[in-house]
Amino acid sequence: MTDTELLQQFVDVESEEAFRRLVERHQTLVYNTCLRGLNGDVGLAEDAAQAVFIVLARKAKRIRNRKGLARWLFRTANYVVAHMRREEARRKRREAVAVELAQVQETQFEVSWWTGMEHHINEAVSGLGRRYQEAVVLHFLQGKPQRAVAEELGCSEAAVSMRISRAVRRMRALLAKRGVTVSVVALAAYLTEETAQAAAAGLTGSCHAAGMAALGGSLVSAGASGLVAKGVLRMLTWTKIKYAAAAVCALAAVTVGAGAAIQAARAPYEGLLIDDFETLDGWKTGAQKEASFRQSRQWVKRGRHALNFRVAVDHHDAETVGAKKYPMGWPSVRKQYSQPIDLSGYDFVEFDVYFTSSLRKDPDFALNVTLKDGDGRHIYGTCLTDLRQGRWSHEQLCIRGLPWAAGFQNLSFWLSESSYDHGEVADFFIDNVRATQAGHYRPASPEPVRRLLKETETAILWLEGPTTKIQASEEVSFSGAADPVVRLAAARNEREAVQVVLRPRAAPGLGEVTVELSDLRGPGNAVIPAAHLSWSPVGYVPVEKYGPEGWPDPLPGPRAFAADQARHYPIWLEVHVPPDTPAGDYQGGVRIRAQREELTVPLVVHVWDFDVPVYQHARTTVFIYGPWKWHEEVSACFGNIAYGQFADDWRPRLIEMLAAYRFSPHHFTDPIPLKLQDNRIVLGATAEFERRMARTRELGLRRNMMPVPYRFDRPTFMNAKMGSPEYFARVTEAYRVIAQYLRGKGWFEDYLVYPADEVVCHKHTRKDLDIDMLNRVYAAIRAADPDIRLFGAETPSPVLRGMNTWCMNINSFNMNVLREQRKLGNGAWWYNGYGSPRPGAGLTVRGVDHRVLFWMQWKYGIDGYLLWTMNRWSGGDPYKKPHQAAMLYPNADGTVSPSIRLAMMRDGLEDYEYHWLLERAAEQAQRKGRFLLARECRQALEQADSFILSFDNCAHIEPGHIYAARRVLAAQIEKANAVLRQADPTWHLAEGQ
């Protein structure tokens with residue numbers, strides 16, 4: 001049915017179905033018009049969209065040109081936006097409220113030239129004549145092809161094309177009057193790619209409900225949207241149409257000046273110019289003959305010249321690293337500045353890169369950038385994966401708080417030829433390297449955690465938080481008097497830790513030390529039993545940089561230790577709050593017994609009035625290496641166990657341990673057996689799989705990798721030779737059988753398919769890699785079920801045509817690439833991260849790097865985190881020779897101990913659940929019409945995450961930032977939970993997981 005027919009049906013009989021279909025048809029247009037006009041505020045845009053459909057419900061009978069309903073809705077949406085912006089301005093004047101934090105945060109990371117200028121698009125469209133406005137609204141804002149627009153407007157496709165072309169040119173002229181200079185091509189590209197965002201889930205229902213509630217009833221009953229609509233309806237009488245138009249024009253006139261001010265305020269801050277390439281003195285290439293550079297005016301973004309770094313790729317056999325020879329090299333261009341440049345007062349190093357290739361294709365791992373100080377110490381480095389053929393890319397590297405930034409003196413750009421084809425010529429035009437500041441970034445000062453607990457003639461006892469790694473001989477200082485109480489706070493079903501640090505004053509120390517923990521008693525004689533409390537000395541492993549005392553990492557469990565030196569001995573205390581524990585304060589004690597001293601301090605645990613879900617919402621996955629990966633050194637700990645013993649005994653115990661730390665293994669059991677029967681693939685026995693499945697569900701684990709007994713590197717599958725038609729047919733059939741089985745059990749959605757690993761970075765170095773064959777395998781798997789998600793640890797690349805869930809290395813993760821994949825509808829994970837300042841699992845990085853990883857995962861909407869493995873022991877005993885990928889420690893008695901890295905990551909995963917709980921509370925409040933509470937919840941989420949300046953730098957974050965933000969989340973969760981329970985006593989925040 002046409003818009004005219006649906007509108008007539010609604011007017012005649014007040015048909016709810018007709019109104020719903022109109023909402024479904026036009027909600028994207030209305031929502032995006034409101035979103036642009038309200039500077040990207042999603043919450044306000046949703047309220048505004050509901051108000052537009054309320055006005056439609058009330059004014060439907062008076063719409064004369066019903067064929068032009070889309071244009072009518074666009075104009076009405078602009079009236080609503082004008083009303084809301086005016087009311088918002090009045091509110092800000094009355095209350096003197098600062099600029100919305102969400103807008104500040106968004107502008108820090110948005111690299112699009114249009115940031116902050118989106119509302120000018122609405123003004124420019126509004127300034128067009130009726131015919132041009134209709135064409136633009138239908139083609140660009142509703143995304144209809146020109147043929148469909150022609151049919152709707154009753155004219156030829158050529159006429160529509162002419163109208164659109166003229167409309168874009170007129171919009172460009174209107175924007176130029178507002179100080180926004182843009183080419184016709186760029187404007188058309190922006191309208192095509194950027195103006196249509198998906199409306200929020202449930203918007204159709206809320207808009208339909210709001211419209212029907214307002215029809216014939218009080219607008220107040222429609223909530224905040226009804227009040228907005230009431231204000232707009234006052235404007236929409238004929239005697240006030242001119243006034244409304246004048247108000248819009250006046251607003252546009254104001255924003256001409258305001259827009260220029262916004263543009264000036266939000267334009268890239270010049271800051272400190274590092275290099276504008278007006279001279280190339282000091283620049284030189286490395287030893288590779290492939291690299292050259294010159295000063296260029298061909299592609300310049302800001303200044304007069306750019307640095308043109310050219311590489312003629314030659315896959316020679318000249319590079320040797322240690323004993324390993326590589327078939328290609330690392331061409332570079334770099335500069336040693338004559339004097340150190342102090343970057344310590346700046347937040348970012350920014351520059352622009354234009355890329356072009358002789359093969360006219362996008363690169364994968366395109367270009368590396370490294371900053372060092374005058375002594376060659378590494379300040380910052382990353383790989384740029386967002387460069388695209390024939391496009392500019394804006395790069396922003398966060399340097400706030402980085403060591404040695406005050407002595408920056410060396411800048412280099414380099415690449416690995418393995419990312420490019422032999423004979424390819426790659427040109428990089430690098431423009432205007434500068435240091436900038438974040439402007440509005442003002443995080444709250446973190447509260448100190450470190451403090452003195454107690455001191456005697458022989459020992460000092462002090463407190464540290466669970467996100468700090470304590471070096472054995474570091475200098476510590478305390479301010480104020482000693483406070484002999486250990487305090488921590490946690491929700492139900494949460495594990496929370498703290499470190500009590502014992503330091504003997506002098507040798508021979510205190511002798512052997514043990515710890516006793518008592519029950520914790522709380523309100524109404526409630527008890528947290530001592531069995532839910534645990535302790536462990538923090539072990540140290542040898543790391544050359546830190547001398548014989550080593551670096552803190554293992555948590556061997558509750559075993560006596562010798563405190564026989566004048567150094568720090570951290571004791572890791574942990575509380576697991578049981579479900580159903582009443583909220584309130586619980587008190588007990590910590591007794592530290594040594595041969596020559598005994599120290600007792602009170603322990604107070606505050607239990608917040610909500611539960612952390614058992615089922616983990618932050619996706620994680622990790623490989624568990626089995627006995628085939630163990631070398632003699634580790635086999636000595638466990639013996640030469642058979643695979644069956646590993647699968648039936650050792651692996652299940654390790655999975656249960658990982659579940660306590662909220663990490664899910666790639667495979668919690670062997671694949672489901674398949675067999676050939678009458679030349680067809682059928683399921684084998686599934687009872688054991690289902691038994692293990694039930695157990696992992698109880699543990700709260702996500703399932704990850706689809707349990708198909710298939711590996712890409714094996715020459716046959718189900719008796720079919722790789723590459724044969726039968727081979728691909730059986731791959732398809734196997735995945736179809738498993739997918740149907742999982743769908744029937746309700747388990748399909750959580751599974752990924754991971755046939756091959758890190759293909760892109762090895763495409764020229766692995767001679768056995770057949771990428772064409774792999775793409776054919778991907779096609780065969782997708783043919784089994786179009787909803788299967790093909791996953792791989794890769795940077796997004798056109799080399800792999802079937803991938804739709806990319807797992808990008810944290811060390812080269814890029815926000816531009818994340819946005820690009822989101823627009824394509826693809827999944828985006830990140831993995832590993834062993835180098836500072838980016839977050840991850842590095843052995844010698846700060847504890848903040850581990851915990852804040854999952855705060856960043858929530859803030860930037862990253863789907864999951866892959867950790868290569870936790871038990872890479874093949875290099876020997878990790879107590880003696882630690883490895884970045886050894887986060888578990890094998891013991892001589894056959895047990896396995898965790899590390900503080902794993903515990904810190906667990907804390908971050910629980911913090912993620914706080915975010916999930918508060919977002920769920922906001923959604924419930926929105927559904928129940930408690931819009932103020934919903935907004936409070938979302939503002940608390942934004943406030944809590946405001947200490948994160950960028951995803952690529954942990955150095956600017958202090959542990960106290962996390963603790964304070966966690967309290968903000970907890971307080972708002974408690975408040976929201978209490979309000980929602982008053983309205984619905986059956987409401988439970990952690991249900992529906």
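Colleague: How are the axes of helix α1 and helix α2 placed, and at what angle do they cross?

Modeller: Two packed helices are described by the angle between their axes and by the distance between those axes. In this predicted model, the axes of helix α1 (residues 3-13) and helix α2 (residues 16-37) come within 8 Å, and they cross at roughly 145°. The crossing of α1 and α2 is left-handed.

Colleague: Which residues in α1 meet which residues in α2?

Modeller: From α1, Asp-3, Leu-6, Leu-7, Gln-9 and Phe-10 take part, and they meet Ala-18, Phe-19, Arg-21, Leu-22, Arg-25 and His-26 in α2. The residues of this contact divide into six nonpolar, two polar and three charged.

Colleague: Which residues does Phe-663 touch?

Modeller: Leaving aside residues up to four places away in sequence, Phe-663 touches Thr-620, Val-622, Leu-658, Leu-701, Phe-854, Tyr-865, Leu-867, Met-870, Leu-902, Met-905 and Leu-909.

Colleague: How many aromatic pairs does a search of the whole structure find?

Modeller: A pair of aromatic rings is described by the distance of the centres and the angle of the planes. The search of the whole structure finds 37 aromatic pairs. One example is formed by Phe-351 and Phe-413: the ring centres are 5.6 Å apart and the planes stand at 80°, so this pair is edge-to-face.

Colleague: Why does the pair of Phe-351 and Phe-413 tie together parts that are apart in sequence?

Modeller: Phe-351 belongs to strand β8 (residues 348-357) and Phe-413 to strand β12 (residues 408-414), so the pair ties together parts that are 62 residues apart in sequence. Both Phe-351 and Phe-413 are buried.

A further edge-to-face pair consists of Trp-608 and Tyr-914, at 6.1 Å centre to centre and 80° between the planes. This pair links distant parts of the chain, with Trp-608 in strand β27 (residues 597-611) and Tyr-914 in helix α21, 306 residues apart.

Colleague: Is Trp-608 buried or exposed, and is Tyr-914 buried or exposed?

Modeller: Trp-608 has a relative accessible area of 8% and is therefore buried. Tyr-914 has 0% relative accessibility, so Tyr-914 also counts as buried.

Colleague: Which residues form one aromatic cluster?

Modeller: Tyr-710, Phe-717, Tyr-727, Phe-728 and Tyr-735 form one such cluster. Tyr-735 is also among the residues with the most contacts inside the largest nonpolar core.

Colleague: What is phi of Trp-404, and what is phi of Asn-525?

Modeller: Trp-404, a residue other than glycine, has a positive phi near 70°. Trp-404 lies in the loop between β11 (391-398) and β12 and is partly exposed, with a relative accessible area of 37%. Asn-525 is not a glycine either, and its phi is positive at about 65°. Asn-525 is found in the loop between β19 (520-521) and β20 (527-528); its relative accessibility is 72%, so Asn-525 counts as exposed.

Terms used
Residues numbered from 1 in each chain as written. Predicted model: local features only at pLDDT ≥ 70, side-chain atom pairs only at ≥ 80, totals over all residues. Heavy atoms only, no water. Core = buried A, V, L, I, M, F, W, Y, C linked by side-chain atoms within 4.5 Å. Buried < 20%, exposed > 50% of the residue type's maximum accessible area, 1.4 Å probe, protein only. Contact = heavy atoms within 4.5 Å. Axes fitted to C-alpha atoms, helices over the stretch in contact; angles between N-to-C directions. Helix = DSSP H or I, 4+ residues; strand = E, 2+ residues; numbered from the N terminus. Left-handed = near helix turned anticlockwise from the far one by under 90°. Nonpolar A, V, L, I, M, F, W, Y, C, P; charged D, E, K, R; others polar. Phe/Tyr/Trp six-rings, centres within 6.5 Å; stacked < 30°, edge-to-face > 60°.
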